[in-house]
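Here's a quick tour of a protein model, taken from the overall picture down to a few side chains. Have a look at it first, then read on.

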Amino acid sequence: MGVSLRAYAKHRGVSDTAVRKAIKSGRIQAESDGTIDIDKVDKQWDRNTDRAQQRKSSGATKVVPKAALDAVADTLSESGNTGGGTTYMQARTANEVLKAQTNRIKLQQLKKELVDRAKAIAHVFRMARSERDAWLSWPARVSAQMAAELEVDPHKMHVMLESYVRQHLSELSDIQPKVD
């Protein structure tokens, strides 16, 4: 006496329908009482089954990269979900949230509400450079007038003003702006 069709299907890793089809097509033979002798039928199954006709068995679950899991967790935490592990439903939710965020950004770009980061940084850099250049040229323009009003040596006034302006600009250059 052998095992049931379902038990053999579980042993084989196939559906019970596949076992019934194999019996019906004559690839394997059940015992007279309808049960399956595992050793005998395994040999018949291997001998009479065309491997080219078989589906590729995944064997194990599909490996998901850690970066993908981290992205799902980040998206879920941004949307207020602070659950433990990542389930399929949570991953789908994260995907939908990401789609919504992407669509919102595209819409803001179309409405010209967003500023290109690289362009903004370049613009601020150009503005700061022109401001610095204006300050560096300032002592040369005003030192003679100031020296005349104060009745001091114009060259000494120019050197002194330039020194203090450079010192002040050097102090300002030590400030590191945060660009987030």
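A word on burial first: buried means under 20% relative accessible area, exposed means over 50%, and partly exposed is whatever falls in between (1.4 Å probe, protein chains only). This is a predicted model, where local features need pLDDT of at least 70 and side-chain atom pairs count only at pLDDT 80 or more, while totals for chains, interfaces and linings use all residues. Residues are numbered from 1 along each chain as its sequence is written, and side-chain values use heavy atoms, with hydrogens and water left out.

**The overall picture**

The protein has seven helices and zero strands; helices (H or I, at least four residues) and strands (E, at least two) are DSSP runs, numbered from the N terminus. Of its 180 residues, 15% are buried.

Which residues have a positive phi although they are not glycines? Lys112 is one of them, and Glu151 is another. Here they are side by side:

| Residue | Phi | Loop | Relative accessible area |
|---|---|---|---|
| Lys112 | about 60° | between α5 (88-110) and α6 | 73% |
| Glu151 | about 55° | between α6 and α7 | 72% |

Lys112 counts as exposed because its relative accessible area is 73%. Glu151 is exposed too, at 72%.

Val152 is also found in the loop between α6 (117-150) and α7 (154-173). Its relative accessibility is 42%, so Val152 counts as partly exposed. Together with Met146 and Leu150, Val152 forms a nonpolar patch on the surface, with about 250 Å² of accessible area.

**Aromatic rings**

How many aromatic pairs does a search of the whole structure find? It finds two. Trp135 and Trp138 form an edge-to-face pair, 5.7 Å centre to centre with 65° between the planes. (Rings of Phe, Tyr and Trp, the latter by its six-membered ring, pair if their centres lie within 6.5 Å; planes under 30 degrees apart count as stacked, over 60 as edge-to-face and the rest as tilted.) Both tryptophans, Trp135 and Trp138, lie in helix α6, three residues apart, about one turn of the helix. Trp135 is partly exposed at 39%, and Trp138 is partly exposed at 28%.

How values were computed:
Patches are made of residues with over 30% relative accessible area and no salt bridge: like charges are joined within 9 Å, nonpolar side chains (Val, Leu, Ile, Met, Phe, Trp, Tyr) within 5 Å. Accessible areas come from the Shrake-Rupley method with a 1.4 Å probe; for residues, only the protein chains shown count as cover. A salt bridge is a side-chain nitrogen of Lys or Arg within 4 Å of a carboxyl oxygen of Asp or Glu.
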